[in-house]
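Hi,

Here's the structure I promised to pass on.

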Amino acid sequence: MSRSSQSAVFSKWGSVAVFVLAALLSNPIHAVEFASGEQVFSRCRACHALARNRVGPALCGVVGRKAGSMPGYPYSRAMADWGKVWTENELSSFLEDPMKARPGTKMGYAGIKNDQERLALIKFLAAAAVNSDLCVADN
C-alpha cells in the first residue's frame with residue numbers, strides 16, 4: 001500500500017473515530033454520561049490510569065479486553081486465570097463488589113454500589129478507548 005493510500009485510510013478511520021466521539025458528546029445525554037463517568041473515574045485514579053499500569057492495570061481499552069491480560073501488569077492468580085472478557089455486564093458485576101465477584105483479586109476496593117455510577121464509569125471507559133487522545137493524555 002502506498003504512503004498516500006495509508007494516509008487516506010488513517011485519515012478516513014481517524015476521522016470516523018473523531019466523528020463518533022463528537023456525536024456522542026454533542027448529544028446532551030451522552031455528554032452528561034461522559035462527564036459523570038469521568039467524575040466517577042476520578043475515584044479510580046488512586047490506583048488506575050487510562051494509559052499506564054499503576055497500582056492497578058491501565059484501563060484504556062478495558063471494555064472488550066480479556067480480564068487479567070494487560071501486558072506488564074502483575075495480576076493475581078485469580079484474575080490471570082479467570083478467562084472472562086470485560087463486557088459491560090461483567091464490568092458492572094465486578095465493579096459492584098470486586099472481592100465478591102472474583103475472590104482472590106488484588107483489587108481491595110469496596111465497590112461502586114450505585115448502578116448509574118457504574119454504568120457512567122463503564123461508558124466513560126468505552127469512550128476513552130475510542131478517543132486515543134484521552135488515553136495518551138492520562139499518561
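Q116 is exposed, with a relative accessible area of 61% (exposed is over 50%, buried under 20%, partly exposed in between, using a 1.4 Å probe and protein chains only). Q116 sits in helix α6; helices are DSSP runs of H or I with at least four residues, strands are E runs of at least two, and both are numbered from the N terminus. The C-alpha of Q116 is 9.1 Å from that of E33, though the two are 83 residues apart along the chain.

Before you dig in: this is a predicted model, where local features need pLDDT of at least 70 and side-chain atom pairs pLDDT 80 or more, while totals for chains, interfaces and linings use all residues. Residues are numbered from 1 along each chain as its sequence is written, and side-chain values use heavy atoms, leaving out hydrogens and water.

Next, H48, in the loop between α2 (28–44) and α3. H48 counts as buried at 11% relative accessibility. Leaving aside neighbours within four places in sequence, H48 is in contact (heavy atoms within 4.5 Å) with F41, R54, G56, P57, L59 and M107.

On to helix α4 (residues 88–96): L91, S92, F94 and L95 are buried there, and the buried residues of α4 pack against α3 (77–80), α5 (98–101) and α6 (115–130).

F94 also belongs to a cluster with W82 and W86, linked by ring pairs. Rings of Phe, Tyr and Trp (its six-membered ring) pair if their centres lie within 6.5 Å; planes under 30 degrees apart are stacked, over 60 edge-to-face, the rest tilted. The structure holds 5 aromatic pairs. W82 and W86 form an edge-to-face one, 5.4 Å centre to centre with 75° between the planes. W86 and F94 have ring centres 5.1 Å apart and planes at 55°, so that pair is tilted.

Cheers
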